[in-house]
Amino acid sequence: MTVIDRNGAQHTGCIHHTARLLASLEGARLHPSAAVLPFACEVYCRADQLLPFPWRLGR
C-alpha cells in the first residue's frame, strides 16, 4: 500500500505500517490506485482504531 502525506510524499509499506501512517500523519491519504485493492478497506479500518504516534505515549 502507498500513503501520500499532505506534502505529496509517497510512503509505501505493508498493511500494518500504512495504517499506522494513515492514523498518524495529518492530511494523509491512500494512493488513488489503492481503491481497487481489497486491502484498502483493511488499512482504513485499522487506522480508525489506532492512536496517532503511539511511540510518543510509550505504547
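Modeller: Let us begin with the term on which the sheet rests: two strands are said to pair if DSSP finds at least two bridges between them. Please keep in mind that the model is predicted. Here strand β1, residues 2-4, pairs with β3 in the antiparallel sense over two bridges. Within that pairing, Val3 has Leu30 of β3 as its bridge partner.

Colleague: What is the order of the strands in the sheet?

Modeller: In general, the strands of a sheet pair through backbone hydrogen bonds, either parallel or antiparallel. In this case three strands form an open sheet in the order β2-β1-β3, with antiparallel pairing. Each of β2 (10-12) and β3 (29-30) has a single partner strand and stands at an edge, so one side of each is left without a neighbour in the sheet.

Colleague: Which elements does the chain contain, and how do they run from the N terminus?

Modeller: The chain has two helices and three strands, and the elements follow one another as β-β-α-β-α. Helix α1 lies across β1, β2 and β3, and runs at about 15 degrees to β1.

Colleague: Is Thr18 buried or exposed?

Modeller: The test is relative accessible area, and a residue counts as buried under 20%. Thr18, which lies in helix α1, has a value of 1% and is therefore buried. Its side chain reaches the backbone oxygen of Cys14 at 2.8 Å. Beyond its neighbours within four places in sequence, Thr18 is in contact with Met1, Thr2, Val3, His11, Gly13 and Val43.

Colleague: How would you describe the chain as a whole?

Modeller: Of its 59 residues, 29% are buried. Among contacts between residues at least 6 apart in sequence, 51% join residues at least 24 apart. The accessible surface comes to about 4,100 Å², and carbon and sulfur atoms account for 56% of that surface.

Technical notes: Residues numbered from 1 in each chain as written. Predicted model: local features only at pLDDT ≥ 70, side-chain atom pairs only at ≥ 80, totals over all residues. Heavy atoms only, no water. Helix = DSSP H or I, 4+ residues; strand = E, 2+ residues; numbered from the N terminus. Contact = heavy atoms within 4.5 Å. Axes fitted to C-alpha atoms, helices over the stretch in contact; angles between N-to-C directions. Buried < 20%, exposed > 50% of the residue type's maximum accessible area, 1.4 Å probe, protein only. Polar contact = N/O pair within 3.5 Å; in protein donor to acceptor, adjacent residues only side chain to side chain. Areas by Shrake-Rupley, 256 points an atom, 1.4 Å probe, with all protein chains shown as cover.
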